[in-house]
Amino acid sequence: MAVTPLVRVQAEDFDLQAESLRLTEGRKDVGALVTFTGLCRDEAGTLAALELEHYPGMAEAELTRIAGEAAARWPLTGLTVIHRFGKIAPGHNIVLVITASSHRRAAFEAADFLMDYLKTRAPFWKKEHPAEGGSGAWVEAKTEDDTDAARWT
């Protein structure tokens with residue numbers, strides 16, 4: 001039976017330890033917990049913030065669909081996906097993926113799959129705000145991200 005993923009899209013930060021504990025506390029069937037936290041980089045000092053926009057409702061639905069696909073594909077005991085929106089400063093959290101399973105391989109592969117698909121299919125738009133000021137630019141999709149996601153088909 002596939003696990004029901006927890007998916008949230010939010011402006012506020014998340015707590016990795018609390019989210020991990022939510023998937024493991026009182027459980028004896030979890031043998032592996034894989035976490036991935038995506039952070040905002042400063043791009044060698046040139047970035048003041050990264051602004052993430054999303055289409056409310058659509059973003060949650062697509063993240064839930066992607067998470068459901070991972071839960072159906074691997075024997076997971078728990079799954080959390082949290083994606084932030086708004087202006088995020090360098091060094092701050094953007095995305096959290098946690099996969100729990102009885103065995104490590106399933107947890108690693110599901111987390112890797114999720115990040116590849118979140119990078120290419122999640123309806124978020126990113127705008128860079130330069131450290132020196134100005135209006136910034138929208139971030140273009142990367143061919144490497146599509147190549148990474150294609151390996152799962």
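User: I'm starting with Ser-20. Which helix does Ser-20 lie in?

Analyst: Ser-20 sits in helix α1, which covers residues 16-24. Keep in mind as we go that this model is predicted.

User: Okay. Is Ser-20 buried or exposed, and why?

Analyst: The general idea is to look at the relative accessible area: under 20% is called buried, over 50% exposed, and in between partly exposed. Ser-20 has a relative accessible area of 12%, so Ser-20 is buried.

User: What does Ser-20 touch, not counting residues up to four places away in sequence?

Analyst: Ser-20 touches Leu-33, Thr-35 and Ile-98.

User: Let's do sheets. How do I read one?

Analyst: Strands of a sheet pair through backbone hydrogen bonds, and they can do that in a parallel or an antiparallel way. Here, four strands make an open sheet in the order β1-β4-β6-β2, and the pairing is mixed. At the edges you'll find β1 (6-10) and β2 (32-39), each pairing on one side only. On average, neighbouring strands of this sheet are turned by 5° against each other, direction ignored.

User: In which sense do β2 and β6 pair, and over how many bridges?

Analyst: β2 and β6 (residues 93-101) pair in the antiparallel sense, over eight bridges. To spot this yourself, find Leu-39: Asn-93 in β6 stands opposite.

User: Which helices pack on the sheet?

Analyst: One is helix α2 (residues 58-73), touching β1 and β4 (76-84), and its direction makes about 155° with that of β4. Another is helix α3 (residues 104-121), which touches β2, β4 and β6. The direction of α3 makes about 150° with that of β6.

User: Now Glu-53. Where does Glu-53 lie?

Analyst: Look in strand β3, residues 47-54. Glu-53 has 36% relative accessibility, so Glu-53 counts as partly exposed.

User: And what is Glu-53 in contact with, leaving aside neighbours within four places in sequence?

Analyst: Pro-123, Phe-124, Trp-125 and Trp-138 are the contacts of Glu-53.

User: Which residues form a nonpolar patch on the surface?

Analyst: Trp-138 forms that patch together with Tyr-55, Met-58 and Trp-125. Together they have about 480 Å² of accessible area.

Key: Residues are numbered from 1 along each chain as its sequence is written. This is a predicted model: local features need pLDDT of at least 70, side-chain atom pairs count only at pLDDT 80 or more; totals for chains, interfaces and linings use all residues. Side-chain values use heavy atoms; hydrogens and water are left out. Patches are made of residues with over 30% relative accessible area and no salt bridge: like charges are joined within 9 Å, nonpolar side chains (Val, Leu, Ile, Met, Phe, Trp, Tyr) within 5 Å. Accessible areas come from the Shrake-Rupley method with a 1.4 Å probe; for residues, only the protein chains shown count as cover. A salt bridge is a side-chain nitrogen of Lys or Arg within 4 Å of a carboxyl oxygen of Asp or Glu. Two strands pair if DSSP finds at least two bridges between them. Helices (H or I, at least four residues) and strands (E, at least two) are DSSP runs, numbered from the N terminus. Axes are lines fitted to C-alpha atoms, for helices over the stretch in contact, and angles run from 0 to 180 degrees between N-to-C directions. Contact means heavy atoms within 4.5 Å. Buried means under 20% relative accessible area, exposed over 50%, partly exposed in between (1.4 Å probe, protein chains only).
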